[in-house]
Amino acid sequence: MTVLTTPASVIKGEHIAPDRLPLQTSFASTAGSRQWYARLDLSFAFGQGKTHIVKNEHQGPLRVLKPFYPEGDCCHTYLIHPPGGLVLGDELVISAKAFGQAHALVTTPSAGKVYGVACATERQRQQVNLECMAGSCIE
């Protein structure tokens, strides 16, 4: 598991250079198991004219691609799940929180696919928790 946080100065909207923002560096999996548990916990804050990821904590094969900004200040964030969706007992838990004037668009191009198997007893589950503080937005 990796826990990455950014100094409180970013959450307060103070100046911080983008190259000082954290990057993911570790990977945890349930090797040997036929099911995946993956968790991703993100926080967004506005600073330097755009929204930044200020917390990026993950466990298992659920990742954030490098954020991009096609709309200016809105942080477009793609979540990827390398296994390509949910199968036989997989569980994904995605949490995102936005502070202040943060604006983020979070999407899962493949993580949301659910593959069924006839006569399977295992459940697949995806849980999404979003929390927006006053003045913020998560799409």
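Tutor: Strands here are DSSP runs of E, at least two residues long, numbered from the N terminus. The model is predicted. Asp 41 has its place in strand S1.

Student: What makes the Asp 41 and Lys 55 side chains a polar contact?

Tutor: The two side chains meet at 2.9 Å. The cut-off for a pair of N or O atoms is 3.5 Å, with a donor and an acceptor. So the pair qualifies. Beyond neighbours within four places in sequence, Asp 41 is in contact with Lys 55, Asn 56, Glu 57 and Ser 95.

Student: What makes the phi of Gln 48 worth a remark?

Tutor: Phi of Gln 48 is near 55 degrees, a positive value, and the residue is not glycine. Most residues other than glycine have a negative phi. Gln 48 sits in the loop between strand S1 (37–47) and strand S2 (50–59).

Student: Why can Tyr 78 be part of a nonpolar surface patch?

Tutor: Tyr 78, found in strand S4 (residues 75–80), has 32% relative accessibility and counts as partly exposed. Patch residues need over 30%. So Tyr 78 passes that cut-off. Leu 65, Phe 68 and Tyr 78 make the patch, about 240 Å².

Methods: Residues are numbered from 1 along each chain as its sequence is written. This is a predicted model: local features need pLDDT of at least 70, side-chain atom pairs count only at pLDDT 80 or more; totals for chains, interfaces and linings use all residues. Side-chain values use heavy atoms; hydrogens and water are left out. Patches are made of residues with over 30% relative accessible area and no salt bridge: like charges are joined within 9 Å, nonpolar side chains (Val, Leu, Ile, Met, Phe, Trp, Tyr) within 5 Å. Accessible areas come from the Shrake-Rupley method with a 1.4 Å probe; for residues, only the protein chains shown count as cover. A salt bridge is a side-chain nitrogen of Lys or Arg within 4 Å of a carboxyl oxygen of Asp or Glu. Helices (H or I, at least four residues) and strands (E, at least two) are DSSP runs, numbered from the N terminus. Buried means under 20% relative accessible area, exposed over 50%, partly exposed in between (1.4 Å probe, protein chains only). Contact means heavy atoms within 4.5 Å.
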